[in-house]
Amino acid sequence: FADDVQVATVVYWTFGDLGRPGWREIGMIAVVTAAALVFFLWNRWNYNAMEAGYDTAKSLGVDTKKVMVASMAVCSLSAAVAVSFVGIISFVGLIAPHVMRFFVGNDHRFLVPGSAVCGALLLILADALAKLIAPPIILPIGAIMSFIGGPVFLILLFRGRNSNG
């Protein structure tokens, strides 16, 4: 019961589109993303300590509750700003950190900036694929990311199940 504009809006929000935001929106996304990146880089030592366990991190002087709440707030804000302008593009936050973890390990000094760069490159490649697969038609970038992310998620799921027992 929807007209063409309403259907296009639903597709835009469901699959995401990097071509919709203008320079103003890109600037807002860039500012929030840069601030989030600075926050996560500032706390990279805290995350390394927390990976050894919360009790160990507390004994090293990390206020784990404060770091966790602040991290969730920054993640929520940056995700909300990005999604509000480009729509939902699934699996980027799952694929990029795990790919970088394979290359650089668990050290957050390298994992945080590496994940940011890997996520950006992944989106650029998915956007290029979306435009090159069927040239007159531009496929939704979320569909391309779901096509890539689904198998990666299953690999991570089964690998985790096999390593835990």
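This is a dialogue about reading the features of a predicted model of one protein chain.

Visitor: Before going into detail, which secondary-structure elements does the protein chain have, and in what pattern do they follow along the sequence?

Guide: The protein chain has eight helices and zero strands, and along the sequence the pattern is accordingly written α-α-α-α-α-α-α-α. The C-alpha trace spans about 60 × 40 × 30 Å along its principal axes, and 26% of the 165 residues are buried.

Visitor: How many of the contacts between residues at least 6 apart in sequence join residues at least 24 apart?

Guide: Among the contacts between residues at least 6 apart in sequence, 65% join residues at least 24 apart.

Visitor: Which residues of α2 and α7 meet, and of which class are they?

Guide: From α2 come Leu37, Phe40 and Leu41, and they meet Val112, Pro113 and Ala116 of α7. By class, this contact of α2 with α7 has six nonpolar residues, with no polar and no charged ones.

Visitor: Where is Asp127, is Asp127 buried or exposed, and what is Asp127 in contact with?

Guide: Asp127 also lies in a helix, namely α7, and with a relative accessible area of 18% Asp127 is buried, since buried means under 20%. Once its neighbours within four places in sequence are left aside, Asp127 is in contact with Leu18 and Ile141.

Visitor: Turning to aromatic rings, how many aromatic pairs does the structure hold, and what is the geometry of Phe39 and Phe40?

Guide: The structure holds three aromatic pairs. In the pair of Phe39 and Phe40, the ring centres are 5.3 Å apart and the planes stand at 75 degrees, so the pair is edge-to-face, given that planes over 60 degrees apart count as such. Phe40 is buried, with a relative accessible area of 16%, whereas Phe39, at 21% relative accessibility, counts as partly exposed. Phe102 and Phe103 also form an edge-to-face pair, with 5.3 Å from centre to centre and 80 degrees between the planes; Phe102 is exposed, and so is Phe103.

Visitor: Which residues do ring pairs link into a cluster?

Guide: Ring pairs link Phe39, Phe40 and Tyr47 into a cluster.

Visitor: Which backbone angle of Phe91 is positive, and about how many degrees is it?

Guide: Phe91 has a positive phi of about 75 degrees, although Phe91 is not a glycine. Phe91 has its place in the loop between α5, residues 64-86, and α6, residues 92-104, and at 27% relative accessibility Phe91 counts as partly exposed.

Visitor: How do separation in sequence and distance in space read for Val81 and Pro151, and for Glu25 and Val5?

Guide: Val81 and Pro151 are 70 residues apart in sequence and 27 Å apart in space, C-alpha to C-alpha, while Glu25 and Val5 are 20 residues apart in sequence and 21 Å apart in space, again C-alpha to C-alpha. Glu25 lies in helix α2 and is partly exposed, with a relative accessible area of 23%.

Visitor: Where is Val81, and which residues is Val81 in contact with?

Guide: Val81 is placed in helix α5 and is buried, with a relative accessible area of 16%. Apart from its neighbours within four places in sequence, Val81 is in contact with Met28, Ile29 and Val32.

Technical notes
Residues are numbered from 1 along each chain as its sequence is written. This is a predicted model: local features need pLDDT of at least 70, side-chain atom pairs count only at pLDDT 80 or more; totals for chains, interfaces and linings use all residues. Side-chain values use heavy atoms; hydrogens and water are left out. Contact means heavy atoms within 4.5 Å. Helices (H or I, at least four residues) and strands (E, at least two) are DSSP runs, numbered from the N terminus. Ala, Val, Leu, Ile, Met, Phe, Trp, Tyr, Cys and Pro count as nonpolar, Asp, Glu, Lys and Arg as charged, and the others, Gly among them, as polar. Rings of Phe, Tyr and Trp (its six-membered ring) pair if their centres lie within 6.5 Å; planes under 30 degrees apart count as stacked, over 60 as edge-to-face and the rest as tilted. Buried means under 20% relative accessible area, exposed over 50%, partly exposed in between (1.4 Å probe, protein chains only).
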